[in-house]
Amino acid sequence: MEMKGKEKRNKYACACSIVASMISLLLGYDTGVMSGAMLFIKEDLKISDVQVEVLAGILNLCALIGSLTAGRASDWIGRRYTIVLASVIFFIGALLMGLAPSYAILITGRCVAGVGVGYALMIAPVYSAEISSPSFRGFLTSMPEICISLGILLGYISNYLFAKLPLMYGWRTMLGIGAVPSLMLAVGILAMPESPRWLVMQGRLKEAQEVMLKVSNSEDEAELRFQEIKTAAGIDHESELPKRPTGEGVWKELLLRPPPPVRRILIAGIGIHFFEHATGIEPVVLYSPRIFKMAGIQSKNKLLIATIGVGVTKTLFIFVATFLIDKVGRRPLLLTSVGGMIVSLSGLGFGLTMVEHSEEKLIWALALCIACLITFVAFYSIGLGPITWVYSSEIFPMRLRAQGASLGVAVNRVMNGTTSMTFMSLYKAITIGGSFFMFSGIAVLAWFFFFFFCPETRGRSLEEMEEVFSHAWWSTPKPVKKDGHEMELTS
């Protein structure tokens, strides 16, 4: 496929997306820093493996609460102030974790932070999608995933730097410093506009048009996009939409009586979030020090350095993905990504099985485990990781977007929490190698799901998504070129 009518990226829209995506640094940092901090927390607080699992996964289960309420909140107070709310909640949670005198307070702080994470995961990609044009929406909407990866990397580096502090101060500093991005965001949010699509839904058409002029490259483009949004909202060219309660009737249309295109959108949106974590990324990121230790690396310092390598790989390949996602498309990257994950997970399972059943140190098996783990993270980061958030934030119709996206994030957090809280028990039950063979099998199912249920959305405006999903799942109708402002895809 090739693109015509390519547009340049609007710098103002890019800046707004970057600021909004900073909220995702919080989740990334917390995930990355906890992987190393758990080594010190267990030693300092004398907690069991089960308590470690709960500590690892409780954030994601609490994020379920945040994600399920974030959609309604963002329809009520707006996308921008939902980001503010998320940062305030996470700030309180980070302070509690950093000052925690006991395991109970630590868990409480992690639960509070989890609610903020749920808000952040839902609102950042939705805001980015709603201010961007079709030609670079993938780039902007993948910004939150970049920030998550940067946050994970910063968490790993924090582990390495603060590990040298006395035991009781080290892990608390690692966790407490996560409050800093919240303060940065609170300042940056003041310069951001509200989503033009939310403004239209509120009947604030003049404000929406002013924002659209700022995030578009020309007045003609802004007017075209503005008219499309008004049409999707059911507003004719002369009338104003009166302010009305928002978010009402959405769950009924989404879950009880969805029309066929919405049903297909819901299945695709929930499915991609389910498989993102069912394929094992969270155990790899969160327990990478343990995996490296089982593979044969014993020094705690070397374990943390090896884990930083995982963070660097994840961040680097997501950067690559952001520049490919609007050029190559969602489907090719997604299918290639999951195919590579299948091979990498199989190799990791084989290598760990050989190490586990050998009485001698197998250098080749250690090298295979490290190579496959890094390769798995690379393939995940170039496709499934960023595309999950891009895809799920762009496919829902405007009237259903906030709460549809929040439902996807809720599924995401349930799977994240389930895999992170059960991984230690899982590998004790079926061996460490067996657990990664299981993830490989799930990845095979994911590949077929994406092939049959996720059509291409590259170059399509948000208002065209119902049309895309009104056709067969594996085929995509060609976009119509509109006055030179939309991309035309040709096979």
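A residue is termed buried when its relative accessible area is under 20%, exposed when that area is over 50%, and partly exposed in between, with a 1.4 Å probe and protein chains only. Helices (H or I, at least four residues) and strands (E, at least two) are DSSP runs, numbered from the N terminus. By these criteria, helix H7 is mostly covered, with 14 of its 20 residues buried. Helix H7 comprises residues 143-162 and reaches 28 Å from its first C-alpha to its last, close to the 28 Å expected at 1.5 Å a residue; the expected span is 1.5 Å times one less than the number of residues.

The structure is a predicted model, in which local features need pLDDT of at least 70 and side-chain atom pairs count only at pLDDT 80 or more, while totals for chains, interfaces and linings use all residues. Residues are numbered from 1 along each chain as its sequence is written, and side-chain values use heavy atoms, with hydrogens and water left out. The pLDDT is the predictor's confidence in each residue, on a scale from 0 to 100. Its mean over the protein chain is 82, and 89% of the residues reach 70 or more. Over residues 1-6 the pLDDT stays under 50, and the model has 20 contacts beyond four places in sequence for this segment, a contact being heavy atoms within 4.5 Å. The pLDDT also stays under 50 over residues 479-491, for which there are 42 such contacts.

The protein chain contains 23 helices and two strands. Of its 491 residues, 62% are buried. The chain exposes about 18100 Å², of which carbon and sulfur atoms supply 68%; accessible areas come from the Shrake-Rupley method with a 1.4 Å probe, and for residues only the protein chains shown count as cover. Among contacts with a separation of 6 or more, 82% are between residues 24 or more positions apart.

A nonpolar core is a set of buried Ala, Val, Leu, Ile, Met, Phe, Trp, Tyr and Cys residues joined through side-chain atoms within 4.5 Å. The largest such core has 142 residues, and the members that touch the most others are Ile41, Ile83, Trp171, Leu175, Phe436 and Phe450. Helix H5 (residues 103-131) gives the most to this core, with 14 residues. Apart from neighbours within four places in sequence, Ile83 is in contact with Ala20, Ile23, Ile123, Tyr127, Leu185, Ile189 and Met192.

Val88 is located in helix H4 (residues 79-99). Val88 is partly exposed, with a relative accessible area of 43%. The C-alpha atoms of Val88 and Ala113 are 9.4 Å apart, and the two residues are separated by 25 residues in sequence. His273, in helix H14 (residues 260-278), counts as buried because its relative accessibility is 0%. Beyond residues up to four places away in sequence, His273 touches Thr388, Trp389, Ser392, Gly408, Val409 and Asn412.

Most residues other than glycine have a negative phi. Lys46, which is not a glycine, has a positive phi of about 55°. Lys46 lies in the loop between helix H2 (24-45) and helix H3 (49-77) and is exposed, at 67% relative accessibility. Thr431 likewise has a positive phi, near 80°. This residue is found in the loop between helix H21 (401-430) and helix H22 (432-453); at 27% relative accessibility, Thr431 is partly exposed.
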